[in-house]
Amino acid sequence: MAKSLRSKWKRKMRSEKRKKNAPKELIRLKQALSLDKKGEAVMTDIQEIATVVSADQIMEAASVAMGEVEVEDGKMDMDSKRNKKTQLDEHGQYPGWMSQRQAKKLKGKRVGKKNTQGKKKKRKGIAW
């Protein structure tokens with residue numbers, strides 16, 4: 001696939017762009033690797049711009065915050081008033097995530113059972 005003139009042209013132009021940007025990308029990569037070796041120098045530059053906080057301080061703050069939050073039984077918030085078989089809530093509404101087609105299918109099953117239980121099927125044709 002991808003043999004049309006347009007795709008060939010796009011592929012050609014992308015390769016030319018890669019050739020043009022390769023030297024810049026190489027310089028950027030070398031610079032990033034050299035900064036990694038001198039991590040302390042980078043931190044001093046960052047401290048001028050933003051406040052640097054150690055990981056230990058962040059973990060302590062998170063553990064204190066978790067202690068303040070009331071721990072529930074760990075269950076998800078679910079509609080407990082929803083019928084599991086029909087998926088209807090107390091107001092007769094289907095869940096928001098359910099598609100119209102799926103809701104219609106479930107309704108057909110539900111209504112179909114009600115109609116067939118009480119009535120007998122009539123035969124078509126002449127009853128002798």
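Here are a few points to look at while you have the structure open.

1. Start with the backbone nitrogen of Gln93, which lies 2.7 Å from a polar atom of the Asp89 side chain. Please keep in mind that this is a predicted model.

2. Where does Asp89 lie? You will find Asp89 in the loop that runs between helix H3 (55-68) and helix H4 (100-118). Once neighbours within four places in sequence are set aside, Asp89 is in contact with Lys81 and Arg82.

3. Is Gly92 buried or partly exposed? Gly92 counts as partly exposed because its relative accessibility is 40%. Arg82 comes up again here: the C-alpha atoms of Gly92 and Arg82 are 9.1 Å apart, with the two residues 10 residues apart along the chain.

4. Now for a nonpolar part of the surface. Leu26, Leu29 and Leu33 form a nonpolar patch there, and together they have about 290 Å² of accessible area. One of these residues, Leu33, belongs to helix H1 (residues 5-37). With a relative accessibility of 52%, Leu33 counts as exposed, since the cut-off for that class is over 50%.

Notes. Residues are numbered from 1 along each chain as its sequence is written. This is a predicted model: local features need pLDDT of at least 70, side-chain atom pairs count only at pLDDT 80 or more; totals for chains, interfaces and linings use all residues. Side-chain values use heavy atoms; hydrogens and water are left out. Helices (H or I, at least four residues) and strands (E, at least two) are DSSP runs, numbered from the N terminus. A polar contact is a pair of N or O atoms within 3.5 Å; within protein, one must be able to donate a hydrogen and the other to accept it, and residues adjacent in sequence count only if both atoms are side-chain atoms. Contact means heavy atoms within 4.5 Å. Buried means under 20% relative accessible area, exposed over 50%, partly exposed in between (1.4 Å probe, protein chains only). Patches are made of residues with over 30% relative accessible area and no salt bridge: like charges are joined within 9 Å, nonpolar side chains (Val, Leu, Ile, Met, Phe, Trp, Tyr) within 5 Å. Accessible areas come from the Shrake-Rupley method with a 1.4 Å probe; for residues, only the protein chains shown count as cover. A salt bridge is a side-chain nitrogen of Lys or Arg within 4 Å of a carboxyl oxygen of Asp or Glu.
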